[in-house]
Amino acid sequence: MGFSTSTISFLLVLGLVQFPVSGHDYKQALSKSILFFEAQRSGHLPPNQRVSWRSHSGLNDGKSSGVDLVGGYYDAGDNVKFGLPMAFTVTTMCWSIIEYGGQLESNGELGNAIDAVKWGTDYFIKAHPEPNVLYGEVGDGKSDHYCWQRPEEMTTDRRAYKIDRNNPGSDLAGETAAAMAAASIVFRRSDPSYSAELLRHARELFEFADKYRGKYDSSITVAQKYYGSVSGYNDELLWAAAWLYQATNDKYYLDYLGKNGDSMGGTGWSMREFGWDVKYAGVQTLVAKILMQGKAGEHTAVFERYQEKAEQFMCSMLGKSTKNIQKTPDGLIFRQRWNNMQFVTSASFLAAVYSDYLSSSKKNLRCSQGNISPSQLLGFSKSQVDYILGDNPRGTSYMVGYGHNYPRQVHHRGSSIVSFKVDQKFVTCRGGYATWYSRKASDPNVLTGALVGGPDAYDNFADNRDNYEQTEPTTYNNAPLLGVLARLISGPTGFDQLLPGVSPTPSSVIIRPAPVPKRKPSTPPAASSPSPITISQKMTSSWKNEGKVYYRYSTKLTNRSTKTLKNLKISITKLYGPIWGVTKTGNSYGFPSWMKSLPAGKSMEFVYIHSATPANVLVSKYSLE
């Protein structure tokens, strides 16, 4: 599945971020971290499945409830599909793609990352059969944890649990709305119809979450012990509104953030964590971006309070606040004994994106205990990733399959039991514990890319399968790591993450009219007769951002022949910003994904934004049939 670099974010080389070259292979770590999601798949596995030791599973999920719930992800080392952490996983994967899709594409992983998102969103569409109904769990932790079986042959209860208007779950519906809204951005250019479908579900789910309020674990009580909603649902409602505004530019969602920021805790809570339960730090970071883009409007004062809390979170990571995040003696963020690594990767992601926001606005972070530069903030994110990959007192890589010294006895049913494809002898519910769980040997299947729970507060770690607090991986450990690794691959390169994307520019910063900068016209290639393909460009709008003028150019390509234009290749040079309406292949551009040809006499249009004179646009190859 193709996805153009420029549809995701506008990359500018600023040279503001400096950190030493690491000895770690971030590209390899990125590839492995995405591969892990294929090991967590439930349902009918596709022909291009790369984790070959897995097979189809959960093929009757939802059947007893009269709904198709085949698909989705197992959250961790068990075989339950928990909706809340699954949705958070998808949201943070999408955020990684939205911010750093260009880096993912240049390293050959964007297609795999998008496939990972779609595996989740396809399931969410099934799980939302009616506007006010959402299935939030398949299976239950109690019966599942009683057994140690491969997902391909599990015998545990696969009952489906839902929320509806009489049994609400604003946190679950809100997070799922956020996931689908964020995903609609990811698919906007590569699959517009799918993007529109996701956005429709996101709007309906947000309305459901906001209108029928309640905690989901009061309705799906079997989730309480495993994914209880301690923070309540206000953070998810703000989180969903933030993503819906990103996806739609609908002022309704901007107003929702402005009018409810104080009452729902968005401007009040100073957080020390960001994860599947507590979203406030993520909301505050997203809203700070909106503010820094100049889009807050009448809500500027409220959005500044969101930003203040976002920056307190950043300051606390670097020890520059009055209340700082706890760290191990060797510097790893430490929040809790059980799967602490989830908080490491999520915080590292927020630090990475905020460092780029600061770089693009040419600002430092002002903390109560001193200032922090964008490069220091990104450097902290890098230090956490380097610890994960082996720069720690044990010399252990906490990513399975990366390096030489990584966990070999992972708390994971699928990886710890011989592959169903190798030996189809039935593994009984309790027999799995006796034969495979208690086995003091390396897993027969390497769970490549899995990020396990990690060390304790003193950097200690025991690689034992029964040490679930430290050796169990989860999807939400890996999801934000995608973005951090993609960012670190680029090294000392700054990105302008604040420039407007496809959405309209705020009217407060539009300048009309604006002169197009003059330049010498390029000389077209010699031709004996007029070309049947013509190109015209015009500047359609301009605006100022941080004292710099940006121009939006519209380019029209017209087929003036009497035949159909096919196999189009366009050469574009001196392009310094995002482009929409064409698909990039190698060093050239072609028809957008929704077009295969251009009929005689018809035109196609594409647009781009940058702060320079018009780019050089030439047709380098085509055929007329």
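This is a predicted model: local features need pLDDT of at least 70, side-chain atom pairs count only at pLDDT 80 or more; totals for chains, interfaces and linings use all residues.
A contact here means heavy atoms within 4.5 Å of each other. Of the contacts with a separation of 6 or more, 76% are between residues 24 or more positions apart.

**The chain overall**

The protein chain has 625 residues, and 62% of them are buried. Its secondary structure comes to 17 helices and 14 strands. The accessible surface is about 24,100 Å². Carbon and sulfur atoms hold 50% of that surface.

**A buried helix**

Helix α5 covers residues 170-186. It has 17 residues and reaches 24 Å from its first C-alpha to its last. That is close to the 24 Å expected at 1.5 Å a residue. How many residues of α5 are buried? The count is 17 of the 17, so α5 is largely enclosed by the rest of the structure.

**Aromatic pairs**

The protein chain holds 29 aromatic pairs. One of them joins Phe 206 and Tyr 253, edge-to-face. This pair links distant parts of the chain. Phe 206 lies in helix α6 (residues 192-211), while Tyr 253 lies in helix α9 (residues 251-260). The two are 47 residues apart. Both Phe 206 and Tyr 253 are buried.

Why does the pair of Tyr 227 and Tyr 476 count as edge-to-face? Their planes stand at 85 degrees, and over 60 degrees counts as edge-to-face. The ring centres of Tyr 227 and Tyr 476 are 6.1 Å apart. This pair also links distant parts of the chain. Tyr 227 belongs to helix α7 (residues 224-227), and Tyr 476 to helix α17 (residues 475-489). They are 249 residues apart.

Are these two tyrosines buried or exposed? Buried means under 20% relative accessible area. Tyr 227 has 5%, so it is buried. Tyr 476 has 6%, so it is buried as well.

The two pairs compare as follows.

| Pair | Centre to centre | Angle between planes |
|---|---|---|
| Phe 206 and Tyr 253 | 5.6 Å | 75 degrees |
| Tyr 227 and Tyr 476 | 6.1 Å | 85 degrees |

Ring pairs also build a cluster. Its members are Phe 88, Trp 95, Trp 239, Trp 243, Phe 274 and Phe 349.

**Charges over rings**

Arginines sit over aromatic rings too. Arg 41 lies over the face of Trp 119, at 4.5 Å from the ring centre. The charged end of Arg 408 sits over the ring of Tyr 406, 3.8 Å from its centre.

How values were computed:
Residues are numbered from 1 along each chain as its sequence is written. Side-chain values use heavy atoms; hydrogens and water are left out. Helices (H or I, at least four residues) and strands (E, at least two) are DSSP runs, numbered from the N terminus. Buried means under 20% relative accessible area, exposed over 50%, partly exposed in between (1.4 Å probe, protein chains only). Accessible areas come from the Shrake-Rupley method with a 1.4 Å probe; for residues, only the protein chains shown count as cover. Rings of Phe, Tyr and Trp (its six-membered ring) pair if their centres lie within 6.5 Å; planes under 30 degrees apart count as stacked, over 60 as edge-to-face and the rest as tilted. A charge sits over a ring if NZ of Lys or CZ of Arg is within 6 Å of the ring centre and within 35 degrees of the ring normal. The expected span of a helix is 1.5 Å times one less than its number of residues.
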